[in-house]
Amino acid sequence: MSRPNALRFGALLALVIGSAVVSAQGLLPSTPPKGFGASVTPAFEGWFDNPDGTHTFMIGYFNRNTGQEVDVPIGPNNQFSPGMPDMGQPTHFLPGRRYGMFIYTVPKEFAKTQKLTWSLTVNGVTSKVPFYMSPDYNITPMRASEEGPRGNNVPPILTFNRGETFNGPLGTVAKAIARVATVGVPMSLDMSADDDAQYSSGANTPLTGASPPVELVISKYRGPGAVTIAEPKAKMTAIKGGKPDQPFSGKAATTVTFDEPGDYLLHVTANDYSGNGGGGAACCWTTAMVKVSVKSEVPRTTGAR
């Protein structure tokens with residue numbers, strides 16, 4: 001990505017925040033993070049065209065509550081407009097900036113001037129962010145626009161233990177894989193990943209720090225009860241590679257425990273060396289969702305005396 005493009009993407013969140021509508025007097029979307037009582041703002045990562053002529057919006061959020069995970073069910077406080085209020089957005093919000101958590105695809109007839117708006121009300125603050133196909137927001141999430149030593153960076157390939165494979169930040173509720181669990185019984189979640197071991201920085205800057213080749217971030221996305229993830233950032237055991245420019249393959253495993261029955265969605269992000277948000281390049285990470293049907297604890301039976 002060229003420097004002008006990097007600056008444009010870096011300013012994107014500021015543009016989004018600046019467009020928010022706030023209902024609570026004195027609490028602006030640019031209010032700094034705090035432990036509790038702050039807002040959650042939708043974030044527009046950008047849009048891209050698809051081969052069939054449709055267009056896709058990539059969307060994240062910024063939860064300013066550093067010590068509070070927030071649940072907001074689909075409804076007046078968490079809705080899209082116009083159209084259906086539920087367009088696959090989360091109802092559980094983790095602290096901090098969460099990039100490209102979901103996508104929404106509109107038909108090819110969707111006009112450049114048309115807008116979709118996500119409205120979130122948290123702690124008395126309503127933030128509304130419009131999504132539209134402005135040229136300034138056009139991104140390439142499947143291939144970094146900046147060229148590295150061995151070409152352009154691409155997202156990791158994420159595979160689950162039953163063979164379900166994902167590539168790119170394209171996770172949706174409709175494409176969620178299915179699992180079954182029991183209340184209070186840890187459910188295994190085994191995954192593997194393959195990556196080109198390249199990275200994006202947004203400005204062709206050298207790789208700094210000791211980031212892992214691929215890091216898996218697992219979180220609750222929707223669901224009625226508490227979810228305990230043994231390793232929310234699952235460590236990957238290298239099968240091949242493990243350093244920059246060495247193609248990487250690895251595997252990871254964790255467990256997830258649910259405290260109430262019901263239908264849940266888990267969210268998995270696979271970040272490469274670029275880290276959270278793709279190093280400002282709007283590429284290259286992979287997302288997937290896991291739909292878990294959680295049953296009540298199996299009642300114990302006793303034999304007749």
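Cys 284 is buried, with a relative accessible area of 1%, where buried denotes under 20% relative accessible area, exposed over 50%, and partly exposed the range in between (1.4 Å probe, protein chains only). The model is a predicted one, in which local features need pLDDT of at least 70 and side-chain atom pairs count only at pLDDT 80 or more, while totals for chains, interfaces and linings use all residues. Residues are numbered from 1 along each chain as its sequence is written, and side-chain values use heavy atoms, with hydrogens and water left out.

Cys 284 is bonded to Cys 283 through a disulfide with the sulfur atoms 1.7 Å apart, a disulfide being a pair of cysteine sulfur atoms within 2.5 Å. One disulfide is present in the structure. The link between Cys 283 and Cys 284 is right-handed, with 85° about the S-S bond. Cys 283 likewise counts as buried, at 1% relative accessibility. The peptide bond from Cys 283 to Cys 284 is cis, with omega near 20°. Cys 284 is located in the loop between E20 and E21.

The chain has 305 residues, of which 48% count as buried. Its accessible surface amounts to about 14,100 Å², with 55% belonging to carbon and sulfur atoms; areas were derived by the Shrake-Rupley method with a 1.4 Å probe, and for residues only the protein chains shown count as cover. Among contacts (heavy atoms within 4.5 Å) between residues at least 6 apart in sequence, 72% join residues at least 24 apart.

Five strands form an open sheet of mixed pairing, in the order E13-E21-E20-E15-E17; two strands are taken to pair if DSSP finds at least two bridges between them. The edges of this sheet are E13 and strand E17 (233–234), each pairing on one side only. Within the sheet, E15 and E20 run antiparallel and are joined by seven bridges. Val 217 stands opposite Thr 269 of E20.

The largest nonpolar core comprises 29 residues, among which Phe 160, Leu 216, Phe 258, Leu 266 and Val 292 touch the most other members. Such a core is a set of buried Ala, Val, Leu, Ile, Met, Phe, Trp, Tyr and Cys residues joined through side-chain atoms within 4.5 Å. At least two residues of this core are supplied by each of strands E11 (157–160), E13 (177–182), E14 (187–195), E15 (215–222), E16 (227–229), E19 (248–258), E20 (262–271) and E21 (285–295). A second, separate core of 27 residues includes Val 72, Met 87, Met 101 and Phe 110. When residues up to four places away in sequence are not counted, the contacts of Val 292 include Arg 179, Val 180, Ala 181 and Met 187, as well as Phe 258, Tyr 264 and Leu 266.

A further open sheet is built from three strands in the order E4-E7-E8, with antiparallel pairing. Strand E4 (78–81) and strand E8 (125–131) stand at its edges with a single partner strand each, so one side of each is left without a neighbour in the sheet. The twist averages 15° from one strand to the next, based on axes that are lines fitted to C-alpha atoms (for helices over the stretch in contact), with angles running from 0 to 180 degrees between N-to-C directions. Four bridges join E4 to strand E7 (residues 116–122), and these two strands run antiparallel. Gln 79 has Ser 119 of E7 as its bridge partner.

Several backbone features lie in loops. Most residues other than glycine have a negative phi, and most peptide bonds are trans. A cis peptide bond with omega of about -5° joins Ser 81 and Pro 82. Pro 82 lies in the loop between E4 and strand E5 (92–93). Asn 123, a residue other than glycine, has a positive phi near 55° and is found in the loop between E7 and E8. Asn 123 counts as partly exposed, at 36% relative accessibility. Ala 197, also not a glycine, has a positive phi of about 60° and is situated in the loop between E14 and E15. Ala 197 is buried, with a relative accessible area of 1%.
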